[in-house]
Amino acid sequence: MKKEIKKWFSLNLGINNQDHKECSGSGCSHNSIEKTEDGISQVFDVNMNRRQAFKKLTAGLAIGAGAVSTSCSLFSGDKSKEKSEIEWEEYFKGNYKLMTEEEKSKTVDRLIRSYELRNGTKINISSKGAEENILFGYAFNISKCQGYMDCINACVEENNQDRASQMQYIRIHEMNDGKGLNFGEADDTYYHEVPAAGHFYMGTQCMHCDNPPCVEVCPVQATWKEKDGIVVIDYDWCIGCRYCMAACPYDGRRFNWSTPEISEQEVNKDQHYLGNRLRKKGVMEKCTFCIQRSRSGKNPACVEACPTGARIFGNLLDPKSEIRWVLENKKVFRLKEDLGTEPKFWYFMD
Amino acid sequence: MSVLKNLIRDSLVYLTSGRKSYHIWMALLTFLMLIGMYCYSLQLEHGLSVTGMNDRVSWGLYISNFTFLVGVAAAAVMLVLPAYVLKDIDFKQAVLIGEGLAVAALFMCLAFVIADMGGPARLWHMIPVIGVFNFPNSMLTWDVLALNGYLFINLSIPFYILIMRYQGKTPNPKIYIPGVFISVFWAVAIHLVTAFLYQGLQARPFWNNALLGPRFLASAFAAGPSLIIIALAVIRKFTDFKIDDKTIKKIALVVTVAAQINLIMLISELFKEFYAPTHHSESAYYLFFGLHGKSALVPWIWTAITMNVTATVILTFHKLRNNLNVLYFACILLFLGIWIEKGFGLIVPGFIPGPWGKIAEYLPTYTEIGVTIGIWAMGAFIFSILARTGIAIELGKIKLKK
Amino acid sequence: MVSCKDKKDEYHNIIDKIEDLSKDYKPVSLSSETYIETLNKVEVIENWQRFYIPERKSQIKSFECNECHSKPLSELQNEKSIKKSHWDITLKHANQETMNCVTCHSENNMDKLHSITNKPIDFNLSHKLCSQCHQKQYKDWAGGAHSKQIGGWAPPRVSQTCVGCHDPHKPHFDKRWPARYNTQMADERN
């Protein structure tokens with residue numbers, strides 16, 4: 001029988017669960033310990049006995065005091081005990097980038113279960129990794145964009161952003177003809193018939209740079225560039241220092257200044273751990289090229305929604321892709337090229 | 001161990017007794033700290049939305065104060081350097097006060113950083129091995145190492161000296177002198193590293209210039225010792241601790257030179273921004289003249305510059321500088337001026353205009369101001385405790401009873 | 001640009017990286033098949049690009065004309081008592097000197113379009129007609145820079161046709177209002 005790998009911080013409240021088979025007392029001496037990459041287990045990779053002692057010790061830790069008190073209460077039901085257990089394990093888990101596949105699927109299961117306990121509905125959270133031979137790229141056709149902002153609506157619906165602060169990853173700027181790419185004089189809070197005479201429109205969002213300054217500066221490596229080129233954030237690892245936000249030249253990042261609120265019906269239930277799963281207050285988020293969609297072969301919501309076809313997305317490594325055709329045949333440019341960030345978001349005109 | 005227990009007990013006894021003015025001072029500080037704690041609890045409950053920060057200006061009052069206070073902490077070295085390296089005895093009395101100030105300032109820095117965090121409960125993620133410490137890529141990690149190391153040095157060396165004096169023994173120079181030397185270099189390092197935090201961001205042209213680091217050092221060595229002078233003045237008035245006029249005048253000389261260099265650097269920056277303005281000068285325009293009708297910081301920066309220039313001019317004249325009352329006035333002016341100029345006069349304009357040229361002004365909320373005042377009160381509280389204990393031990397008022 | 005800290009990626013810029021990595025490109029395992037399974041599509045080769053387009057004839061309400069109209073067209077054209085057909089379609093495409101109904105529609109066969117040289121063009125391949133005047137857009141379309149892609153980014157590619165977005169009788173797009181107004185952002189700026 002393969003033994004469950006227990007972390008030193010695992011809080012076992014005696015709930016009758018398949019996964020939680022605890023060996024009682026001091027009689028255990030299982031030495032089948034899997035080497036995981038998680039930093040915590042590297043340090044606490046010890047004999048079961050000591051782990052038991054640690055467990056009992058840490059159960060009294062201040063941080064978990066609240067959880068423990070609910071769990072020890074005679075009156076709280078199994079549900080809140082399970083909730084506390086999930087919260088405890090989620091708090092002490094490591095950086096997603098360093099997790100094994102098993103740990104990743106475990107945390108995804110916990111998150112799904114946690115949502116179910118809180119709201120009574122089921123969601124899907126994927127932990128799908130990057131596929132080989134893919135590097136995502138994006139192209140924006142300035143001639144085609146008419147300033148409809150359908151992309152923003154689709155993005156907000158798809159990615160479960162906070163409704164109270166009207167968070168949106170995409171900005172559409174109404175630029176002036178003849179003034180060129182002068183963002184200082186552009187307007188991104190226009191509300192009138194579009195396209196307005198004497199103006200053209202262009203959109204900005206996270207550019208998924210190949211040399212991202214935000215990744216450099218994160219003190220805990222909560223944000224990183226995946227193999228398929230998407231720059232992602234582990235929302236549970238982010239400490240909320242906002243250094244990445246100061247470092248981004250393209251206004252790509254958004255911060256949850258308060259707890260995000262979405263009504264239950266509007267929640268998009270097809271989620272990805274690194275993408276549109278529900279965030280909490282005090283963490284950073286951003287456009288992920290709809291990782292939950294693009295890693296299944298679909299276009300991001302903005303590309304899908306644009307009625308004029310101004311947005312083009314695809315695999316830069318596929319010589320036959322539309323994005324490659326655009327790069328090779330249209331006059332493309334990128335914004336703030338001189339900063340050396342190598343964004344994978346190009347602009348072109350008809 | 002028992003020495004330590006005795007020291008703590010004796011210090012506590014000493015600290016809880018004193019003149020009426022002392023008690024009123026500590027009570028006031030405690031009250032302000034409680035206000036700060038209440039405001040912080042509001043922030044923990046609702047998130048950082050209770051502050052005035054937003055997606056455009058994502059660092060505000062907390063980080064401004066942090067930046068300024070790192071400089072103040074670094075300035076303690078300005079006393080340590082002459083006292084031990086140049087063997088100038090006049091400075092020796094002031095060193096303990098300076099170290100105490102550095103410790104208090106460092107605690108304030110750490111408090112401001114924690115107050116600014118979106119997820120303070122997750123700060124353990126930064127600890128190496130159990131978390132992920134992104135060293136050497138992230139300048140923040142360098143700053144964490146630098147500040148905590150400096151705190152350790154500034155706690156351990158005076159602690160060693162004081163505990164020796166407490167026992168009536170002479171502290172062994174072989175132990176503390178190496179630490180003193182390290183702290184001199186470390187002080188320069190902490191402030192340079194903090195400057196590099198901002199200097200390394202190619203996205204913010206207001207900060208991304210070569211002069212930011214040296215400017216930080218110059219303004220630190222002007223503001224820090226100014227505060228030390230004020231502190232020494234207060235100590236002279238309220239305790240029996242003897243501080244020579246000579247000491248204060250020598251520190252004043254340090255302040256003067258630093259203030260003059262700071263002014264030269266300011267002129268250099270103004271020239272670069274306004275001689276041939278580019279798109280990158282927009283932040284400077286916002287700060288000094290207002291941009292597209294938004295000019296919230298303009299009165300602040302001009303007040304700060306006036307204060308700095310006035311103070312520097314006063315300090316330049318020997319006659320005025322050597323008049324202690326005028327000196328104290330100049331120091332207060334300089335301290336406040338640099339607090340504005342290097343605090344929110346540096347951090348906030350870095351974010352305005354935003355990456356796409358949009359201007360969203362920043363105004364701190366009462367909660368934010370409350371937490372800030374609470375942390376300053378905490379710093380004053382810590383400094384009062386450390387200074388009072390240190391002076392008492394030096395004067396022999398607290399002695400280990402055999 | 002590569003800073004001295006970045007030792008892994010030795011590329012000077014992203015284009016060099018793309019060129020290098022696509023040298024041993026192997027097709028990805030992801031595919032849009034599942035998303036386009038139920039779509040009726042036609043495979044075309046345009047401008048040396050091979051892709052699918054959605055089938056058109058099944059989407060036209062009253063196609064095929066000859067299924068109902070048993071009389072030959074020449075007779076219909078001479079009948080004076082019947083109401084003129086397609087009276088509700090106004091043509092607003094270029095001007096009257098350039099285009100009228102028979103520019104695109106075949107005079108002799110109601111079920112086909114025709115080219116400038118009077119060669120018949122099937123309704124499913126109506127893009128061949130449009131590309132006669134709109135070569136630039138056609139080339140962009142064939143490459144993938146013009147029009148929406150149906151399905152996803154993963155191959156096989158399905159591109160929307162010209163008539164999928166543009167009404168051939170009235171191709172102009174009307175103005176409309178934006179889909180949203182962000183009051184938070186507006187407040188922030190003022």
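## Basis of the description

The model is predicted, and local features need pLDDT of at least 70, side-chain atom pairs count only at pLDDT 80 or more, and totals for chains, interfaces and linings use all residues. Residues are numbered from 1 along each chain as its sequence is written, while chains are lettered from A and ligands numbered from 1 in the order in which they are written.

## A three-stranded sheet in chain A

Three strands of chain A form an open sheet in the order S10-S2-S11, with mixed pairing; helices (H or I, at least four residues) and strands (E, at least two) are DSSP runs numbered from the N terminus, and two strands pair if DSSP finds at least two bridges between them. The edges are S10 (311-315) and S11 (345-348) of chain A, each of which pairs on one side only. Strand S2 (residues 136-141) of chain A pairs with S10(A) in the antiparallel sense over five bridges, whereas S2(A) and S11(A) pair in the parallel sense over four bridges. Along these pairings, Gly137(A) stands opposite Gly314(A), Tyr138(A) opposite Phe313(A), and Asn141(A) opposite Phe348(A) in S11(A).

In a regular strand the side chains alternate between the two faces of the sheet. On S2(A), Phe136(A), Tyr138(A) and Phe140(A) lie on one side and Gly137(A), Ala139(A) and Asn141(A) on the other, and all are buried, a residue being buried if 20 or more other C-beta atoms, placed from the backbone, lie within 10 Å of its own. Helix H11 (residues 322-329) of chain A lies across S2, S10 and S11 of chain A and runs at about 110° to S10(A), where axes are lines fitted to C-alpha atoms, for helices over the stretch in contact, and angles run from 0 to 180 degrees between N-to-C directions.

Helix H9 (residues 245-275) of chain B reaches 44 Å from its first C-alpha to its last, close to the expected 45 Å, which is 1.5 Å times one less than its number of residues.

## The contact between the chains

The contact takes 41 residues from chain A and 35 residues from chain B, with contact meaning C-beta atoms, placed from the backbone, within 7 Å. The largest share of the chain A side, four residues, comes from H8(A).

Conventions
Two residues are in contact if their C-beta atoms, placed from the backbone, lie within 7 Å. A residue is buried if 20 or more other C-beta atoms lie within 10 Å of its own, exposed if 12 or fewer, and partly exposed in between; C-beta atoms are placed from the backbone.
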